[in-house]
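Reader: I'd like to learn how to read this model one feature at a time. Could you walk me through it?

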Amino acid sequence: MGAGHMSEQLYGQLLDIAAGALLLTAVLILWRRELAAIITVFALQGIALAVLVGLIAVEEGSAELGLVAVGVLVLRAGVLPGLLRRALAGAGATRRETRPLVNVVSSLLAAAGLTLLAYAVSQPLVALDPAPAAHAVPVAMAVVLIGFFVLVTRRLALSQLVGFLLMDNGITAVGFLTTAGIGVVVELGISLDVLLVVLVLQILKTRIREAFGDTDIDDLRELHD
Amino acid sequence: MTTLLMLCPVLIPLVGAAVFAVVGWRPATVWVGAVSAVGVLGTAIGAAGTVTTGGPRTAVDGLLAVDALSAFMLIVIGAVATVATVATPAHLRAELDADRTDQRTCTQHSMLVQLFLAAMALAVLAGSLGVLWVAIEATTVVTAFLVGQRRGRGPVEAAWKYVIICSAGIALALLGTFLLNYAARHAPTPAGLDWAGLTAAAPDLDPGVTRIAVLLLFLGFGAKAGLAPLHAWLPDAHSQAPAPVSALMSGVLISVAFYSILRVKVIADAALGPDFARALLIVLSLASITLAASLLLAQKDYKRMLAYSSIENMGLLALGAAIGSPLAVAAVLLHILGHGLAKSVLFLSAGRVLQLTGSSRIDHVRGLAARDPVLTGCLGFGVLAIIAFPPFSLFASELGIATAGFDAAGSQTAGFAGSLGWATAAALILVLVIAAALVGHTSRMLLGAPTPDPAPSTADRRAAGGEPGSAGSSVAVVVAAPGPASRPRRRLGADSYALVAALVVCGVLGLTLGPLAPLLAQATTIVTGTAP
């Protein structure tokens with residue numbers, strides 16, 4: 001592994017930049033309230049993730065992983081943001097603001113706390129492998145936690161979806177940083193599943209709108225004990 | 001030959017789905033679903049025979065593997081699927097007659113149920129944690145449409161909640177899978193995610209990384225199994241889905257998710273010793289049972305009542321897995337089968353009650369015994385089975401779990417095992433509370449005289465039936481059978497026979513395991529990690 005295609009130091013720095021971009025975009029998503037802006041940031045995060053995978057591919061000299069990087073770029077910077085944009089266009093002008101349960105300042109403080117937590121929890125992961133990739137794992141874990149936070153504190157269906165996808169980006173990053181590919185079948189299955197989940201949620205969203213007009217998930221409060 | 005036998009449980013439902021996709025739901029294809037389910041059950045029995053005599057097998061480059069544990073789970077899937085699919089035509093027919101669904105939805109329903117069966121069969125036949133994860137996630141995608149199939153706000157809300165919570169939960173499991181893979185690759189002898197490799201490498205896995213991975217996997221698959229704290233989707237999804245789908249989800253899907261926890265537990269025990277998984281499982285178990293008990297006491301909706309009972313039973317399974325002795329594990333496996341049979345009977349009967357009365361509220365249903373004795377029998381004996389009344393197999397399995405819990409507490413005072421006795425005692429008290437609540441609610445529905453009422457017009461019945469699940473105002477309308485024209489059908493259909501047969505099997509299993517005994521014994525050694 002040490003005899004890579006670029007110097008160990010440069011590789012480590014580039015990885016850190018890509019991982020930093022992942023975390024930065026995650027915090028931006030937490031900060032912004034315009035759904036349109038959030039989707040743009042999400043697409044940028046997809047690019048950062050693809051760059052991260054591409055760097056690992058170059059370091060390992062793996063053409064297969066390079067193809068996967070291209071796939072990540074198409075899916076996460078192209079297809080998924082495109083689907084989200086279509087859903088947003090259908091939602092009408094009244095639904096552009098997110099109304100989080102937690103306000104922006106508290107959210108950003110929470111993000112800082114979650115990042116610290118991610119670093120603390122990831123200590124055994126970093127200790128297991130001296131490679132530069134393993135050192136970027138805590139950042140990806142922080143993205144997972146921030147995604148989970150977005151998922152549980154947002155009320156609009158589309159924002160919840162972005163939270164889920166954010167979490168998934170973080171998990172994918174952890175996957176690539178800890179293992180150079182987990183097997184093509186599993187990779188394919190995971191990508192397919194993410195796409196399917198988004199499609200399912202979009203179909204459900206469309207059905208909600210068709211059936212009840214301009215209703216959103218936060219207005220559906222019928223089922224409870 | 002073995003490869004074919006292993007592929008069949010996945011391929012048969014796929015063929016069934018293709019038939020429905022091409023031909024649609026018509027008189028000629030009504031029984032295709034049931035034939036496919038019986039096929040799954042048949043190949044499951046075949047696979048069970050092969051592994052009990054010939055040992056575990058793998059196929060398709062290690063992607064699929066079958067051992068006694070997978071074969072046992074396949075039998076559970078096949079058995080519950082047979083009950084649910086035999087009852088499906090009558091259910092769909094009644095929905096069509098009441099104009100609550102259409103031909104297209106019936107086709108979609110039948111096709112998705114077949115895909116659902118294929119995904120579950122793939123999950124238990126998966127040779128590695130990665131394939132298992134993909135299969136479990138596939139069940140979420142397929143069942144989301146089934147949960148949201150009925151018209152109205154409730155089903156769509158339930159489907160949304162289901163997809164969001166289960167996908168987030170299962171995403172945690174994916175993270176756990178990645179981390180376990182990371183640990184396995186850094187073991188002295190690097191391993192992949194396949195069960196055999198992972199189990200062999202388990203003692204040398206890095207404990208720090210494995211701990212995080214196991215926690216994430218338990219939480220993630222626990223969400224799908226309906227274990228607290230990520231259980232919130234279950235009462236909504238199980239109460240809003242069409243009856244045959246509720247039966248399949250409650251009867252097997254959550255058990256298949258629990259099967260994943262058992263597989264992970266084997267690796268966790270070998271890597272970290274038994275106490276880590278035990279502590280996690282006891283927390284999940286007691287949280288689930290307590291939650292179920294508190295929400296069952298004042299429950300107003302009988303489908304939600306059954307859903308909370310499923311959460312309770314998942315909690316019991318987690319308790320048995322936490323105890324982990326051979327007796328406890330054998331009881332857990334038997335409980336999976338018994339619960340699957342009894343709960344599918346209950347959900348199918350509840351679906352029939354909903355069709356008859358148009359309301360899913362407990363206080364809207366009175367004196368069912370006078371109207372439909374067979375349905376009353378299924379519901380009544382089903383509840384007796386689910387509260388572990390002898391001779392039903394749930395009595396034997398709950399007794400086994402309790403005995404094992406007190407045994408473990410008595411024999412090992414050191415370490416965490418000492419608290420097993422307290423946990424078991426607490427769980428038993430809660431189980432009694434739940435049993436009392438279930439019997440109380442159900443007897444109010446079944447017994448007593450139907451309220452007399454002025455014969456309602458057809459329009460009233462349509463109104464009551466059009467929005468099932470909503471708190472309808474027409475209490476009296478839904479209860480009594482008015483004229484001879486709207487009497488419930490007297491002729492016993494295949495669905496009634498399927499329900500009665502399932503209850504009989506559940507009762508017989510409580511008395512003797514018969515040919516299942518060697519399979520159960522072998523499956524137990526796999527979970528306890530004592531397999532040769």
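Reader: Let's start with a single residue. Where is the place of A:Leu49?

Author: This is a predicted model, so keep that in mind throughout. A:Leu49 sits in helix 2 of chain A.

Reader: Is A:Leu49 buried or exposed?

Author: The idea is to count neighbours: a residue is buried if 20 or more other C-beta atoms lie within 10 Å of its own. A:Leu49 has 29 other C-beta atoms within 10 Å, so it is buried.

Reader: And which residues does A:Leu49 touch?

Author: Leaving out residues up to four places away in sequence, A:Leu49 touches A:Leu22, A:Val72, A:Arg76, A:Asn169, A:Thr172 and A:Ala173. Have a look at A:Ala19 as well: A:Leu49 and A:Ala19 are 30 residues apart in sequence, with 7.8 Å from C-alpha to C-alpha.

Reader: Let's zoom out. How many helices and strands are there in chain A?

Author: Chain A has 9 helices and 0 strands, so along the sequence you read α-α-α-α-α-α-α-α-α. Of the 225 residues in chain A, 44% are buried. Also, among contacts in chain A with a separation of 6 or more, 72% join residues 24 or more positions apart.

Reader: How do I read a helix pair? At what angle do helix 1 of chain A and helix 2 of chain A cross?

Author: Start with the axes, then check direction. Helix 1 (residues 8–31) and helix 2 (residues 35–60) of chain A cross at roughly 160°, and their axes come within 9 Å. Angles over 145 degrees count as roughly antiparallel, so helix 1 of chain A is roughly antiparallel to helix 2 of chain A. The crossing of these two helices is left-handed.

Reader: Which residues of these two helices meet?

Author: From helix 1 of chain A, they include A:Ala18, A:Ala19 and A:Leu22; from helix 2 of chain A, they include A:Leu44, A:Ala48, A:Leu49 and A:Leu52. By class, that contact has 19 nonpolar, 2 polar and 1 charged residues.

Reader: Now chain B. How far apart are the axes of helix 3 and helix 10 of chain B?

Author: They are 8 Å apart, and helix 3 (residues 68–97) packs against helix 10 (residues 243–272) at about 170°. These two helices of chain B are therefore roughly antiparallel to each other. B:Ile77 and B:Val83 are among the residues that helix 3 of chain B brings, while helix 10 of chain B brings B:Leu248 and B:Val252, among others. The contact has 15 nonpolar, 4 polar and no charged residues.

Reader: Which residues touch the most other members of the largest nonpolar core?

Author: In soluble globular proteins, nonpolar side chains tend to be buried together. Here the largest nonpolar core has 286 residues, and A:Leu52, A:Ala140, B:Ile77 and B:Val83 touch the most other members. Helix 6 (residues 153–185) of chain B gives the most to this core, 22 residues. Take A:Ala140: its contacts beyond four places in sequence include A:Ala19, A:Leu22 and A:Gly170.

Reader: Last one: how many residues of chain A are in contact with chain B?

Author: 38 residues of chain A are in contact with 34 residues of chain B. On the chain A side, helix 9 gives the largest share, 14 residues. By class, that side has 26 nonpolar, 6 polar and 6 charged residues.

Terms used:
Residues are numbered from 1 along each chain as its sequence is written. Chains are lettered from A and ligands numbered from 1 in the order in which they are written. This is a predicted model: local features need pLDDT of at least 70, side-chain atom pairs count only at pLDDT 80 or more; totals for chains, interfaces and linings use all residues. Two residues are in contact if their C-beta atoms, placed from the backbone, lie within 7 Å. Helices (H or I, at least four residues) and strands (E, at least two) are DSSP runs, numbered from the N terminus. Ala, Val, Leu, Ile, Met, Phe, Trp, Tyr, Cys and Pro count as nonpolar, Asp, Glu, Lys and Arg as charged, and the others, Gly among them, as polar. Axes are lines fitted to C-alpha atoms, for helices over the stretch in contact, and angles run from 0 to 180 degrees between N-to-C directions. Angles under 35 degrees count as roughly parallel, over 145 as roughly antiparallel, 65 to 115 as roughly perpendicular and the rest as oblique. A crossing is left-handed if the near helix is turned anticlockwise from the far one by less than a right angle, and right-handed if clockwise. A residue is buried if 20 or more other C-beta atoms lie within 10 Å of its own, exposed if 12 or fewer, and partly exposed in between; C-beta atoms are placed from the backbone. A nonpolar core is a set of buried Ala, Val, Leu, Ile, Met, Phe, Trp, Tyr and Cys residues joined through C-beta atoms within 7 Å.
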